[in-house]
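Trainee: I want to learn how to read pockets in a model. Can you take me through one?
Mentor: Gladly. Let us look at it together.

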Amino acid sequence: MSLPDSYTVDGQSLVLNGIGLRSLTIFHIEAYVAGLYLPRPSHDAPQILASSEPKVILLKFIRGASKERVEQQYREGERNNCGNGECAPSDQTDFERLVAAAPAVSAGDTSTYIFTAKGVRVLANDRIIGDFTDRDLAYRLLSGFIGPRPPSPELRRGLLGLPAE
């Protein structure tokens, strides 16, 4: 499954930095392909996370999932990345709005996270489902893909354009 080579945010063209595959369970059921778009390529997750430049994570689903399953994945990411009090309590209201707005997905659907200096805009099949001016929430969402506790190490390495281990 391929992703576009570039993505435009507010007139700025971003390049595809890397592609990762998210698989679930010990049976490696393929869930989605994800791409990370940046102003210029980088393998440095802390630098990417610290930058106020625009960034995009684009997911293209290989298989469908119910709304309940999508919500479960968001909550699992929250537990992994915020479970020890790392996330600001003020993020919780926006996070709950995002989870409530996230739809079920079918094979071929897309989810897009557009990160800017203001926060994060979330789209489902190119339709805005949330626009959050919460920079910490934006950081935490992006960190959930490329930070120290991603859904899988393979997904993180792929997004950062690093070789497989």
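Trainee: How much space lies in the largest pocket?
Mentor: Keep in mind that this model is predicted. Start with volume. Here the largest pocket holds about 770 Å³ of space.

Trainee: Which residues lie nearest its centre, and how many line the largest pocket?
Mentor: Lining residues are those with an atom within 4 Å of a pocket point. In this case there are 41. Nearest the centre lie Val70, Gln73, Tyr74, Gly77 and Tyr113.

Trainee: Which element gives the largest share of that lining?
Mentor: Go element by element. Helix α2 (67-82) is among those that supply at least two residues. Its share is the largest, at ten residues. Helices α3 (91-101) and α4 (135-146) also supply at least two each. So do strands β2 (12-24), β3 (29-38), β4 (55-61), β5 (110-116) and β6 (119-124).

Trainee: What is the lining of the largest pocket by class?
Mentor: Sort the residues and count. You get 25 nonpolar, eight polar and eight charged.

Trainee: What volume does the second largest pocket have?
Mentor: About 220 Å³. Its lining has 14 residues, with Leu49, Ser51, Ser52, Thr116 and Arg135 closest to the centre.

Terms used. Residues are numbered from 1 along each chain as its sequence is written. This is a predicted model: local features need pLDDT of at least 70, side-chain atom pairs count only at pLDDT 80 or more; totals for chains, interfaces and linings use all residues. Side-chain values use heavy atoms; hydrogens and water are left out. On a 1 Å grid over the protein atoms alone, a cavity is a set of points where a 1.4 Å probe fits but cannot get out, and a pocket is an open set with protein on both sides within 12 Å along at least five of seven lines; lining residues have an atom within 4 Å of a point. Grid points are joined across faces, edges and corners, and a volume is the space filled by probe spheres set on the points. Helices (H or I, at least four residues) and strands (E, at least two) are DSSP runs, numbered from the N terminus. Ala, Val, Leu, Ile, Met, Phe, Trp, Tyr, Cys and Pro count as nonpolar, Asp, Glu, Lys and Arg as charged, and the others, Gly among them, as polar.
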